[in-house]
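Keep the model in view as you read.

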Amino acid sequence: MVDEQKNEIHHIRKNIDALDSEILTLLKRRIGFAREIGRLKDENNRAKWDPLRERQIYERLLKENGCSFPEDSLRTIFHEIITACRLSQRNIEVAYLGPEATFSHLAGVKYFGHSATYNPQDAIDDVFSEVEKGRTPYGIVPVENSIEGSVVSTLDSFMKYKVQICGEVQLEISHNLVCRSGNIEDIQTVASHAQPLAQCREWLRKHLPNIPTLPVLSTGAAAQMAANNPNIGAIASSLAIKRYELQVVVKGIEDYRGNTTRFLVIGKKSPSASGQDRTSLLVGTMDRPGALNEILTVLSEEEINLTKLESRPIKGKQWKYLFFLDMIGHIEDEKIFRGCERLRPLCSYFEWLGSYPQSNYLPSDT
């Protein structure tokens, strides 16, 4: 009986090996076709990335799958395949808030895949500078968190640098308290970025009431500090645990479940319409009563769904503000284009920051 089972397992494994070889052969054919498309696009000076085409691929595959293969895994597998094929046309470099293993790094991998080249930066401001000056084609920056709200350094950088938004990705955030030993008794200081410290405020108050916190530039920097000092605990990502060889003290110390951060991909040019898009604007209002209401009235009349409205002070101009607006639709859509044309004469400042695919149409995390 045992020998029969061994023979059956051996036979099944041979079939799996044959399928793996067939899959590899098909992948090599696919990347060959992708390179040929890239060559043709170069000849016609067309953009390498077609978000509508990619969305159609995912929708078709999920329909053909019929729930036979786990959907999240299917999305992730084909995300890596599609990204690798696109990278075969041209290598993609991405600037992010470093060092390695920050949540920005994780968001970049979720969006661009593992095959891209990732360039860590010391600050969000530096990510914008790298993209504006053309040293790195893309950057990824956090813009808002479902618990703590907007990341003001990102909003302020949009006021300072000329870049466009190319995409967005949402990353579910789970915070881990880590240190070298894995023992909570060894921790004399808890270091992390200001946002994670705020997102874990109540847990820290309850479980480490006498331990001071230390805000640093990133969760990756905090993990580095913990790796070098046995008395420092860090709030960091799962990737940081592996990268810096740290031990988990407590998993999931965020105060609220469902904690999600939205990241924006920045570059030089927004993509064409995918059919499920978002458009972002940066506007200034005229110095008169009801100026903001005039803008909102236009959006209402055009039946444009406004998903974000936030003000930021203009540096060096006391009590003067610019407003960030996010709306559903692409600048190529008739009502979005018409609404923007109507807004321009009503604004003291008007800048289209970009139109890009909504994150809920990107592959899920696994």
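Start with strand β3 (residues 138–145), which pairs with β11 in the antiparallel sense over 6 bridges. Two strands count as paired if DSSP finds at least two bridges between them. Helices (H or I, at least four residues) and strands (E, at least two) are DSSP runs, numbered from the N terminus. The model is predicted: local features need pLDDT of at least 70, side-chain atom pairs count only at pLDDT 80 or more, and totals for chains, interfaces and linings use all residues. Residues are numbered from 1 along each chain as its sequence is written, and side-chain values use heavy atoms, with hydrogens and water left out.

Stay with β11. Ile140 stands opposite Val265 in this strand. Strand β5 (residues 164–172) also pairs with β11, in the antiparallel sense, over 8 bridges. Here Gly167 stands opposite Val265. How many residues of β11 are buried? In this strand (residues 260–267), 7 of its 8 residues are buried, meaning under 20% relative accessible area, where exposed is over 50% and partly exposed lies in between (1.4 Å probe, protein chains only).

Now turn to a mixed sheet. Its 5 strands form an open sheet in the order β8-β7-β9-β6-β10. β8 (213–215) and β10 (247–250) stand at the edges, each with a single partner strand, so one side of each has no neighbour in the sheet. Direction ignored, neighbouring strands of this sheet are turned by 35 degrees against each other on average. Within the sheet, strand β6 (residues 176–179) and strand β9 (residues 232–236) run antiparallel, joined by 3 bridges. Asn176 has Ala236 in β9 as its bridge partner. Helix α9 (residues 219–228) lies across β7 (189–192), β8 and β9. α9 runs at about 150 degrees to β9. Axes are lines fitted to C-alpha atoms, for helices over the stretch in contact, and angles run from 0 to 180 degrees between N-to-C directions.

Another open sheet has 4 strands, in the order β13-β14-β12-β15, with antiparallel pairing. Why is one side of β13 and of β15 left without a neighbour in the sheet? β13 (306–313) and β15 (347–357) are at the edges, each with a single partner strand. The twist averages 15 degrees from one strand to the next. Strand β12 (residues 277–285) is joined to β15 by 9 bridges, and the two run antiparallel. Helix α6 lies across β12, β13, β14 (321–328) and β15, at about 80 degrees to β13.

α6 also has a helix partner. Helix α5 (residues 124–132) and helix α6 (residues 152–160) pack at an angle of about 30 degrees, with their axes 9 Å apart. That makes α5 roughly parallel to α6; angles under 35 degrees count as roughly parallel, over 145 as roughly antiparallel, 65 to 115 as roughly perpendicular and the rest as oblique. Ile124, Asp125, Phe128 and Glu132 in α5 meet Ser153, Thr154, Ser157, Phe158 and Lys160 in α6. Contact means heavy atoms within 4.5 Å.

Finish with another helix pair. Helix α11 (residues 291–301) and helix α12 (residues 334–343) pack at about 155 degrees, their axes 10 Å apart. That makes α11 roughly antiparallel to α12. Ile295, Val298, Leu299 and Glu301 of α11 make the contact with Gly339, Arg342 and Leu343 of α12.
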